[in-house]
Amino acid sequence: MRNARLGVKAALVALALVATSATARAEEGFTDPFAYCRAVGTIDAPDARWRGPAVPKAVARGLQRALGVAPSEPLEPFERGTSWRCMDGAVYACNVGANLPCSAKPSTDPQPNEGMRTWCKENPGSDFIPMYITGHDTLFDWSCDGESPKRGRQISQLDARGFVANIWHRLTPSE
């Protein structure tokens with residue numbers, strides 16, 4: 001009986017040491033984006049637990065690879081224009097472009113904004129409303145039905161977190 005109690009106590013001490021060690025590592029922060037995402041699960045942008053550079057080389061290289069860009073090409077555009085986040089324990093990255101709203105979730109509001117109303121009054125019957133008027137975060141195509149904005153088809157699919165799915169790439173650690 002005494003050996004059984006000692007075994008249980010030893011197991012509890014071991015569990016406490018493992019938990020303390022994991023907590024201490026989390027408090028120290030992370031510098032590996034893949035370990036960070038495994039630990040935090042889902043977060044829309046790195047928080048205070050992230051201690052590495054804004055865009056770690058592993059993320060820049062991973063996105064370069066995901067986009068099919070040769071590794072001999074400069075990495076700087078990926079280090080400069082990339083956003084990254086965690087979803088379900090995995091690293092996702094997006095590189096900004098003219099109409100790529102990486103850091104913003106698209107507006108799902110089906111109502112036109114004031115800029116669209118003004119555009120249609122000034123351009124009645126226009127078959128499109130430019131994104132600088134609609135906002136780059138719109139989820140819909142917009143045109144003018146006479147002097148009134150008209151919502152068209154949905155132009156993007158959203159991922160589970162509400163970001164534009166086809167511009168975010170799930171990264172894998174390099175071998």
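The legends below describe close-up views of a predicted model.

**View 1**

**View 1**
Helix α3 spans residues 57–66, and its buried residues are Val59, Ala60, Gly62, Leu63 and Gln64. Just after the helix, Gly68 takes a positive phi of about 75°.

**View 2. Thr82 in strand β1.**
Thr82 belongs to strand β1, which covers residues 82–87, and this threonine counts as buried because its relative accessibility is 8%, whereas the limit for a buried residue is under 20%. A polar atom of the Thr82 side chain lies 2.5 Å from the backbone oxygen of Phe78, and the side chains of Thr82 and Asn95 are joined by a polar contact of 2.9 Å. With neighbours within four places in sequence set aside, the residues in contact with Thr82 are Val55, Val59, Leu63, Ala93, Cys94 and Asn95; of these, Val59 and Leu63 are also listed among the buried residues of helix α3.

The side chain of Arg85 makes a polar contact of 2.4 Å with the side chain of Asp159, while the charged end of Arg85 sits over the ring of Trp168, 4.2 Å from the ring centre. Not counting residues up to four places away in sequence, Arg85 touches Cys37, Ile43, Asp44, Ala45, Ala90, Val91, Tyr92, Asp159, Arg161, Phe163 and Trp168, a list that holds both Asp159 and Trp168.

A pair of aromatic rings is described by the distance of the centres and the angle of the planes. The count of aromatic pairs in the model comes to seven. Among them, Trp50 and Trp84 form an edge-to-face pair, with 4.9 Å from centre to centre and 80° between the planes. Trp50 lies in the loop between α2 and α3 and Trp84 in strand β1, so the pair ties together parts that are 34 residues apart in sequence. Both tryptophans count as buried, Trp50 at 9% relative accessibility and Trp84 with a relative accessible area of 3%. Together with Phe30 and Tyr36, Trp50 and Trp84 form one aromatic cluster.

**View 3. The aromatic pair of Trp119 and Phe128.**
The rings of Trp119 and Phe128 form a tilted pair, with 6.5 Å from centre to centre and 50° between the planes. Trp119 is buried, with a relative accessible area of 16%, whereas Phe128 counts as partly exposed at 45% relative accessibility.

**View 4. The hairpin of strands β3 and β4.**
Strand β3 (residues 140–145) and strand β4 (residues 148–154) run antiparallel and are joined by five bridges, with Ser143 standing opposite Lys150 in β4. Two residues lie between the strands of this hairpin, in which Gly146 takes a positive phi near 70°. The charged end of Arg151 sits over the ring of Phe140, 5.1 Å from the centre of that ring.

**View 5. Ala48 in the loop between α2 and α3.**
Ala48 lies in the loop between α2 and α3 and is exposed, with a relative accessible area of 62%. The C-alpha atom of Ala48 is separated by 7.6 Å from that of Gly29, although the two residues are 19 residues apart along the chain.

Methods
Residues are numbered from 1 along each chain as its sequence is written. Side-chain values use heavy atoms; hydrogens and water are left out. Two strands pair if DSSP finds at least two bridges between them. Helices (H or I, at least four residues) and strands (E, at least two) are DSSP runs, numbered from the N terminus. Buried means under 20% relative accessible area, exposed over 50%, partly exposed in between (1.4 Å probe, protein chains only). A polar contact is a pair of N or O atoms within 3.5 Å; within protein, one must be able to donate a hydrogen and the other to accept it, and residues adjacent in sequence count only if both atoms are side-chain atoms. Contact means heavy atoms within 4.5 Å. Rings of Phe, Tyr and Trp (its six-membered ring) pair if their centres lie within 6.5 Å; planes under 30 degrees apart count as stacked, over 60 as edge-to-face and the rest as tilted. A charge sits over a ring if NZ of Lys or CZ of Arg is within 6 Å of the ring centre and within 35 degrees of the ring normal.
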